[in-house]
Amino acid sequence: MELNTFDLYLFGGTGDLSNRKLIPAMFRQETLGNIDDASQIIGIGSRDLSTEEYISMVNESLNKYYIDFEQQKDAWLKFAKRLQYIKLDINSNEDWKNINNVSDSVAVVYYLATPPNLYKKISSALNDNDLIKDNCRIVVEKPIGSDLETAKDINNSLSLGFKENQIYRIDHYLGKEAVQNLLALRFANTIFEKSWSSSAIDHIQITVAEDLGVEDRGGYYDETGALRDMVQNHLLQILCLIAMEPPVSIQSESVRDEKLKVLKSLAPFTSDNIAVNSVRAQYLEGISKGEAACSYLDEEGVNSKNHTETFVALKLEINNWRWSGVPFYLRTGKRMQSKSSEIVVRYKTVPHNIFSKGAHLEPDQLVLRIHPDEGIDLKLNTKRPGVSGYDLENLPLDLNLNEYHEIGHQDCYERLLLDVIKGNPSLFVRRDEIEASWKWIDNIINLWKSEDVPMEEYISGGWGPSNADLLIKRDFRAWKNGPSKK
């Protein structure tokens, strides 16, 4: 097996994302023997720590977040030798001189596990201090901006020193097993791709439901909302993978080219349909996970005068030949009844029922479970066993992806980090994708304001406001609520 050789610079190296996700992801690669001896991991932060103190902090984090860490003593001894720490005040020109001897012979990854408002400062300082070479890559988390204008501003600052093929805008949903398996399902199986269009599909639902509220992120969330926080990136990226045309190769720019075509084909909302085809809402107090939960407006850091949505439901259309006439229903919300992320592909009913009069044939249904129980359900009409005649029932063929996972299996951040190290950008978001999605989202936000679309309310622990049900019921359809499997 080819070993990965890299220098990983973790800006925000003492922060939550580094401790919970990034460092455990790299440590698992250590346990598998996939990291070359020459590789280094350099934590960068504002805290006044020595390298020894940083190593001790990483040890504590792995004890907390990595299963069976105590059984990996040999791997830890090797991993600890890779670790370094650099104290950095990003506003100090002198501190930037502490980052030196940047390699020009291995993959150099600058991972910005920092608040987005620091992206411009860090990328500009890297450029000003001649720390960007052809072998360097920069990784930034969402959100990339809060609208089209701010997204362009961030993208412009990243482009000062980095070429577009060196910029990796990460959306961790694209690293999830079930989301990546969507591409395999579509493009490795004739049975699906031949029927993956308006000729066979009635509609598609995408649901990303969270059972938690805003927790300690009230101040941040109040300036963002569900449309910007979830729809602009996670849900639209999933939509692109569902709706795109077959790319030339899975490891090429053609994946991102096809995703961009979908974004450009999204029918824009208008003043005539925005109130009918979109719902925004805030959660009220209620019962969540068996305990009393406060309303959104009572959360710490929330301004009661802000009209910030914690729930969004949309009906949208894609204006191209493949999807003409097929509605896509998207919804996401906080404080929902359960944490559940699913894609539901609902097929059309058969044109003629040849079985007994009154026999009800359910439409075929493909469900891709992203969370909590990753897998695929395909529900088909079959004859009920042991019964004479054709007594039909709708039964699932089930693939549970978790059955193939071992303890400490590769998670989404690990997959995407390895793609960065190997220089594979296909499942990262390109600049033109970001800007196309913001253009579409900005139109919704502006229409919500100009058309005074009401802010609905929903009880914590439910499945959203009644108008979200009405949005899909008008078309004689219904949401699939809750995970497929318990």
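**Figure 1. Surroundings of Glu223 in the predicted model.** Apart from neighbours within four places in sequence, Glu223 is in contact (heavy atoms within 4.5 Å) with Arg228 and Asn306. Glu223 and Asn306 are 83 residues apart in sequence, and their C-alpha atoms are 8.3 Å apart in space. Glu223 belongs to the loop between helix H9 (218–222) and helix H10 (225–243). Helices (DSSP runs of H or I, at least four residues) and strands (DSSP runs of E, at least two residues) are numbered from the N terminus. With 58% relative accessibility, Glu223 counts as exposed. Residues are numbered from 1 along each chain as its sequence is written, and side-chain values use heavy atoms, with hydrogens and water left out. Because this is a predicted model, local features need pLDDT of at least 70 and side-chain atom pairs count only at pLDDT 80 or more, whereas totals for chains, interfaces and linings use all residues.

**Figure 2. The buried residue Gln205.** Gln205 is part of strand S7 (residues 201–209). Its relative accessibility is 3%, so Gln205 counts as buried. Residues up to four places away in sequence aside, Gln205 touches Tyr329, Glu342, Ile343, Val344, Ile472, Ala478, Trp479 and Lys480. A polar atom of the Gln205 side chain lies 3.0 Å from the backbone nitrogen of Lys480.

**Figure 3. The open parallel sheet.** Six strands, in the order S3-S2-S1-S4-S5-S6, form an open sheet with parallel pairing. Two strands pair if DSSP finds at least two bridges between them. Strand S3 (83–87) and S6 stand at the edges with a single partner strand each, so one side of each is left without a neighbour in the sheet. On average, neighbouring strands of this sheet are turned by 20° against each other, direction ignored. Strand S1 (residues 6–11) is joined to strand S2 (residues 40–45) by 5 bridges, and the two run parallel. Leu10 has Gly43 in S2 as its bridge partner. Helix H5 packs on the sheet, where H5 touches S1, strand S4 (107–112) and S5, and its direction makes about 175° with that of S5. Axes are lines fitted to C-alpha atoms, for helices over the stretch in contact, and angles run from 0 to 180 degrees between N-to-C directions.

**Figure 4. Strand S6 and its partner S5.** S5 and S6 pair in the parallel sense, with 4 bridges. Val140 stands opposite Arg169 in S6. In a regular strand the side chains alternate between the two faces of the sheet. Both faces of S6 are covered: Ile167 and Arg169 are buried on one side, and Tyr168 and Ile170 are buried on the other.

Figure 5. In helix H3 (residues 73–82), the buried residues are Ala75, Trp76, Phe79, Ala80 and Arg82. Down the axis of H3, these buried residues fall within an arc of 145°, so they line one face of the helix. The arc is that of the directions from the helix axis to the C-beta atoms. Lys73, Asp74, Leu77 and Lys81 are exposed on the face turned away from the buried side of H3. Helix H1 (16–31), S2, helix H2 (51–65) and S3 are among the elements that cover the buried residues of H3.

Figure 6. Helix H6 (residues 148–159) has 12 residues and reaches 16 Å from its first C-alpha to its last, close to the 16 Å expected at 1.5 Å a residue. The expected span is 1.5 Å times one less than the number of residues. Leu148, Ala151, Ile154, Asn155, Ser157 and Leu158 are the buried residues of H6. Their cover includes helix H5 (119–128), strand S5 (136–141), strand S6 (167–170) and helix H14 (431–450). At the start of H6, a side-chain oxygen of Asp147 comes to within 3.3 Å of the backbone nitrogen of Glu149. Pro143 is placed in the loop between S5 and H6, and a cis peptide bond with omega of about 5° joins Lys142 and Pro143.

Note on methods: Buried < 20%, exposed > 50% of the residue type's maximum accessible area, 1.4 Å probe, protein only. Polar contact = N/O pair within 3.5 Å; in protein donor to acceptor, adjacent residues only side chain to side chain.
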